[in-house]
Amino acid sequence: MPRVLILLALLLGFSPAVQAQELQNLLQTHAEEVAKPGRRTVGTVLDDLASSGIPQVATFLEEWQDKSVWQSPEGLFFIADEDGDSLILTDIDSGVETTAPSDGFTQLKPNGGVRRVIGTALVQFQLMDPDLNRRTTAVASIARRPEASQLSPLLGSIDGEEDSTLKARKIQLANFLSASFAEDTADRIAAINSLSTDVSVEARAVLNQILTTSPALAEELPTDVNIARVLNPGADMSLDAAYELLVADDLAAPRTDADTIKAALASNIINGRVGDVPVAQLGTTANRNRAYAQLAHSGTVPPMVTETDRDAALAKYTFFEIYNEADPAITDAAKAALASVETRVAVGQSADLALDALSLASIYFLAAIGLAITFGVMGVINMAHGEFIMMGAYTGYVVQLFIPSYTLSIIIALPLAFAVTFAAGVAMERLVIRHLYHRPLETLLATFGISIALQQLAKNIFGTQARPLTSPAWLDGAWVFNDVVQISYIRIAIFVLAVIFLFLILFVLKRTRLGLEVRAVTQNPGMAASMGINPDRINMLTFGLGSGIAGIAGVAIGLYAKVTSEMGADYIVQSFMTVVVGGVGNVWGTLAGASLIGFLQKGIEWLNPSNTLAAQTYMILFIILFIQFRPKGIVALKGRAAAD
Amino acid sequence: MNKSFLIRNPSTLWFLLGLSIFTIVVTILSDAGLGIMSTSFVKTLGKTLCLCLIAVAMDVVWGYCGILSLGHFAFFGIGGYAVGMWLMYARTEGIVLDSLATQTIPPTAQEITDAIGNQIFGVVGSSEFPVIWAFSDSLFLQLLMVVLVPGLLALVFGWLAFRSRVTGVYLSILTQAMTLALALYLFQNDSGLRGNNGLSGLQNIPGFEDTPQSTISLAFFYASALAVALGYVLFAWVTSGKMGSVIKAIRDNESRVRFLGYHVESYKLFVFTITAVVAAIAGALYYPQAGIINPAEIAPIASIYLAVWVAIGGRGRLYGAVIGAAFVSLLSSWFTGGGAPAIPLGFYTIQWTDWWLVLLGVSFVAVTLYAPKGIGGLFDYLVRKPS
């Protein structure tokens, strides 16, 4: 049949003029097999249909598989829909619809086996279908359930494929199928070798499928099977698992476990004793075993299989795994290919991890950079910094309530969040922090008071449930490099935002009049004041700037995380640690701190992927230790600026 | 100079007198006397006393020594966990033995352990006893752990931190990080302490199953009052005399004390560790009255509230910490418990359960700004006016 199908594939390239009733006539020659198809007999019919080159064949096969083909009393075949007592008949050649009473018509009901055979035959038509969507669907259905019979039609359809993406996909799929199903060993090995550069999940599944093994045992290691490896009970598998295999093959009696012993003892109590052991003494394992041994001796229960018995039984047999694939040449090739794929996957995973870490570092950087200004440059501990982040995120949420376009709303939300938190920061500086510049510990407590008040206020206004901050559609989805390496666009956007802010802040601090004055006030407020700078004004603006950036960070964080009243609290400790680890008073230090913490956290998560809480715990412990050795952080200020 | 420190600190005697009167009044009002006061309120008062004790410890480390530790609630929690492990083990053992006694065959030691493990750790999908539960069958060893574990933790942490001269806000952030790390660790299911379920049923004291809760709560109230009295006297002694002067001097100017030849780190380490131990003892008394402990109790916010109590009560005076803790925590439970009447404004009704934290935050800012001496500062007027 496959050869016929290839022929058909070539034939279908042409479009022969079709005469009316051609398909009907062809079917009539096989009327009996079509009306009552069997799994074996239907093959000839399908071959004939396929080789006929009639374009309606595909439709007919679909309807046939769908049980929508009816036979008229005269023996003609129609595609029909039941409509009450009558049938809407469609001519299988011309497609002309007529209506007829359903008396005398019989529905063709091919059984499941036949329908599968029809389905396989259909694939080749669908693979060649002029409609791109149908071809894609057909390819996808092959990928879902690969079968040996699909290989030839797939190969045949590659040359005629016009769409380049689909063609590449077909070639890839054909490779998978040949690796598993090609008849010629050389073809299979060639296909397997070509998979060694493919890191897709599918390719790995194909290779793993070839390399599946089943456990087996024998007294002597057989030579005529494809052995994957010899298992050493106690090292490669547990002794009990090995013994279970013996039990499963009826080569040994099951182990007598504690529950069995207990049940046996409980059902053999005679006059308050089991054997000669009083029931009251059965509270130890030794006494229970002694009582059971006595029962076994008298034949009441099967003898106990002890660990010694188990080990003796195991010693008699060799355990090994055999490949389900019999040909060692193929399994060797697959093993080599899989090893090469896994190396590539490992490299890919490292790259993916690095991207993840980078995006986490960007988030920490965004959350901490505002703090780096207020804490680092001004020396003010602002525990309400996290609440400014929250305020920014809620600003974004409120903007989205009024502006339905997500793109526009984000563009408006960013400066608005800055404005709102800038104002809040300035107000806080004027009302509270100004009075506490010489009492840093009290600043910490006062700002904490503001923090809990703001948090509760947000809860009162917006409720406790998480509010959505939806990103625009162009930020949905992910940039997929391959099955291993991918990163969502939103994380890329956050990364870009972090980079923009890094340079913006560097620019403001180093290249503008405001930055100059900020640095002057930081270094020596008295001297700065005598140079005509107003330290009050500068402190206010600096604090506002730091808070405003927190607001923008809030919008960014809200886009990928949930907006809740507690979101700020989640970031505050990490933000402080980012600043402290990086080195206070230095934007580059914050960058270094964020990178260190981001990469560290992702690294620890990678070592123990199931447990992100543990990763955070160990990261904090690491930071505590790190500060022991570099109390001034990674980028420590030197000279006079370092003196506090 | 040879006068007792108690004579030099009359406030200590006044405090002890007040505490005794308070204890007697509560006894009279409780079920043991007139029966006016409910058992749950006795418990609340007992818990408040424990909070007063940790507040006194916090006051010594912050108000006297100038170390703003945001980690003392972690020690409080560890103390609670240590005693909770014994309470939970012993109680579960009793239940398991009762249920296994109905079997025809007496259980083996292994079966008993497995059944207890299943009962305790089934909720986190495990039945194995973690290593840290090794001593949980012994009340004495667990009580020793109440003191030793937080003591050692504080010793190691303090030694590391003070040695590298981490001071001021950096130390605060570091202690906060320690608390956060501990809380996150305890939140894990495989931490061996039942993850976020925590330890529960701690109000049932093994061996006293038939004693009514009213009696147990009164007993714990006395124990808490005694602990507060002893802790207060201990810290009054620590903060008086020469050592007290050095400690206060460290708060005011660490460098000068160092230049005078004192080993500042040792003093700080001593204060940090001893307050941690007292905090743990307070926790060990608190949680059997609360009945449940879970990692959320240790979250960094709890330690910050502790600082809030001390600041509102008045730093640098021990009775200030007691007043602050008692005042704020009782007020807090009155407001959040729905005790305070709602205020209708016409367009909006202020429900205090929603607005209490806002009020607390704002009043805290106000206290920090305008009354740095806290409520305790009022006593200065009382004392000074007559003289």
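Q: Where does UniProt place the feature "transmembrane region" in chain A?
A: The UniProt entry, which is unreviewed, puts it at residues 363-381, 410-428, 489-509, 540-560, 572-600 and 612-629 of chain A. The structure itself is a predicted model.

Q: Take 410-428. How much of that span is helix?
A: In chain A, residues 410-428 are 100% helix and 0% strand. The end C-alpha atoms of that span lie 26 Å apart.

Q: And 572-600, how far apart are the ends there?
A: For residues 572-600 of chain A, the end C-alpha atoms lie 18 Å apart. That span is 86% helix and 0% strand.

Q: What about helices α20 and α23 of chain A, at what angle do they cross?
A: Roughly 170°, and their axes come within 10 Å. Helix α20 covers residues 489-511 and helix α23 covers residues 535-560. Angles over 145 degrees count as roughly antiparallel, so α20(A) and α23(A) are roughly antiparallel to each other.

Q: Which residues meet there?
A: From α20(A) come A:Ile490, A:Ile494, A:Leu497 and A:Phe501. They meet A:Ile549, A:Ala556, A:Leu559 and A:Tyr560 in α23(A). By class, this contact has eight nonpolar, no polar and no charged residues.

Q: New topic: how many residues of chain B are in contact with chain A?
A: 41 residues of chain B, in contact with 43 residues of chain A. α7(B) gives the most to chain B's side, with 14 residues. That side has 30 nonpolar, nine polar and two charged residues.

Q: Last one. What domains does chain A have?
A: The assignment gives domain 1 (2-128), domain 2 (214-323) and domain 3 (347-567). The C-alpha centres of domain 1 and domain 3 of chain A lie 67 Å apart.

Conventions. Residues numbered from 1 in each chain as written. Chains lettered and ligands numbered in written order. Predicted model: local features only at pLDDT ≥ 70, side-chain atom pairs only at ≥ 80, totals over all residues. Contact = placed C-beta atoms within 7 Å. Helix = DSSP H or I, 4+ residues; strand = E, 2+ residues; numbered from the N terminus. Nonpolar A, V, L, I, M, F, W, Y, C, P; charged D, E, K, R; others polar. Domains from an automatic or database assignment. UniProt positions renumbered as here; feature names shortened; annotations may be inferred. Axes fitted to C-alpha atoms, helices over the stretch in contact; angles between N-to-C directions. Parallel < 35°, antiparallel > 145°, perpendicular 65-115°, else oblique.
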